[in-house]
Amino acid sequence: MEKIESHACFGGEQQVWKHRSSALDCEMRVGVYLPPQAAHGSCPVLYWLSGLTCTEQNFITKAGAQRYAAEHGIIVVAPDTSPRGDGVADAEGYDIGLGAAFYLNATQAPWSAHYRMYDYVVDELPALIEANFPASNARAISGHSMGGHGALVIALRNPGRYRSVSAFAPIVAPAQVPWGEKAFAAYLGDDRAAWRAWDASELVRGASERLPLFVDQGEADDFLSTQLKPELLEAACKQANHPLRLRRHPGYDHSYYFIASFIGEHFAHHATALRR
């Protein structure tokens, strides 16, 4: 791994690293915030997954998360949202291709050559972080929009791997909304049965672990009724008796102003679980 940025921040250090990913077969960048406590011993880790069009920069520069990470002694790892570089497939539009990998393992050409963000986030990245930083194996995961979808799906598919999960304005039922239908058809093919393995509202029905889901949603979000539809996750959790804390916030939209307003409460939620 090669450090390409470093900034003092709330007594810790906000870094950006690049490395060659074997899962994605390309060079990747990842933001790593080391709280001041990391200078004295290992710390738990929160993995943050960003949304459509983002890179590793959006969360680390806009969310104001470092203040709360320093307060609770949590390392924050914020990877890019897709593979990048020469030879990596792309397509027209912001909702497929670069910046829009949907945190799954693609099975269809040309995407399957590089688009394996699920393997990268679940296996490769934690192995790198725990080998190269003072990071414990106590993990939490969170994200926004497409990244909220990724956080929920990854937590539900990996019982016991994460102590907590949360999401801001997640795509909770991608198999039933335009963003997900477009991406899933391209990355996974036309068999909708295969899509269910990457859909949080489907996964809760058979979840073997009752890890509580914590979701914040702005009621002034332009994508609320067409792409996000939190009521579908709410209904699925109720049917499956899966714990869900869904908060709706009047006046808040889909932006980082929304995330910055409530990110401190999410860190408190994760810190409680990570201390257990």
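User: Is His249 buried or exposed?
Analyst: This is a predicted model, in which local features need pLDDT of at least 70, side-chain atom pairs count only at pLDDT 80 or more, and totals for chains, interfaces and linings use all residues. Residues are numbered from 1 along each chain as its sequence is written, and side-chain values use heavy atoms, with hydrogens and water left out. Buried means under 20% relative accessible area, exposed over 50%, and partly exposed in between, with a 1.4 Å probe and protein chains only. Because the relative accessibility of His249 is 10%, the residue counts as buried.

User: Which side chain makes a polar contact with the side chain of His249?
Analyst: His249 is found in strand E9; strands (E, at least two residues) and helices (H or I, at least four) are DSSP runs, numbered from the N terminus. A polar contact is a pair of N or O atoms within 3.5 Å; within protein, one must be able to donate a hydrogen and the other to accept it, and residues adjacent in sequence count only if both atoms are side-chain atoms. At 2.9 Å, the partner of the His249 side chain is the side chain of Asp216.

User: Which residues is His249 in contact with, leaving aside its neighbours within four places in sequence?
Analyst: Contact means heavy atoms within 4.5 Å. On that basis, the residues in contact with His249 are Asp216, Gln217, Gly218, Glu219, Phe258 and Phe262.

User: At which residue does helix H10 bend?
Analyst: The bend at a residue is the angle between axes fitted to the seven residues ending there and the seven starting there. H10 covers residues 256-274, and its bend is about 45°. Among the buried residues of H10 are Phe258, Phe262 and His266. The bend of H10 is at Phe262.

User: Which residue has a side-chain oxygen that reaches a backbone nitrogen at the start of H10?
Analyst: The backbone nitrogen belongs to Tyr257, and the oxygen comes to within 3.2 Å of it. That side-chain oxygen belongs to Ser255.

User: Which residues does Tyr187 touch, not counting residues up to four places away in sequence?
Analyst: Tyr187 is one of the residues with the most contacts inside the largest nonpolar core. The residues touched by Tyr187 include Ile96, Phe102, Leu104, Trp111 and Tyr115.

User: Is Gly31 buried or exposed?
Analyst: Gly31 is found in strand E3, residues 26-34. Not counting residues up to four places away in sequence, Gly31 touches Gln14, Gln15, Val16, Glu56, Val76, Val77 and Ala78. Because its relative accessibility is 1%, Gly31 counts as buried.

User: What is the phi of Phe10?
Analyst: Phe10 lies in the loop between strand E1 (2-9) and strand E2 (12-21). Phe10 counts as exposed because its relative accessibility is 52%. Although Phe10 is not a glycine, its phi is positive, about 50°.

User: What is the phi of Asn241?
Analyst: The loop between helix H9 (230-240) and strand E9 (244-249) holds Asn241. At 65% relative accessibility, Asn241 counts as exposed. Asn241 is not a glycine, and its positive phi is about 55°.

User: What is the radius of gyration of the chain?
Analyst: The radius is taken over C-alpha atoms, and the globule rule is 2.2 Å times the number of residues to the power 0.38. With 276 residues, a compact globule would have a value near 19 Å, which agrees with the chain's 17 Å.

Conventions: A nonpolar core is a set of buried Ala, Val, Leu, Ile, Met, Phe, Trp, Tyr and Cys residues joined through side-chain atoms within 4.5 Å.
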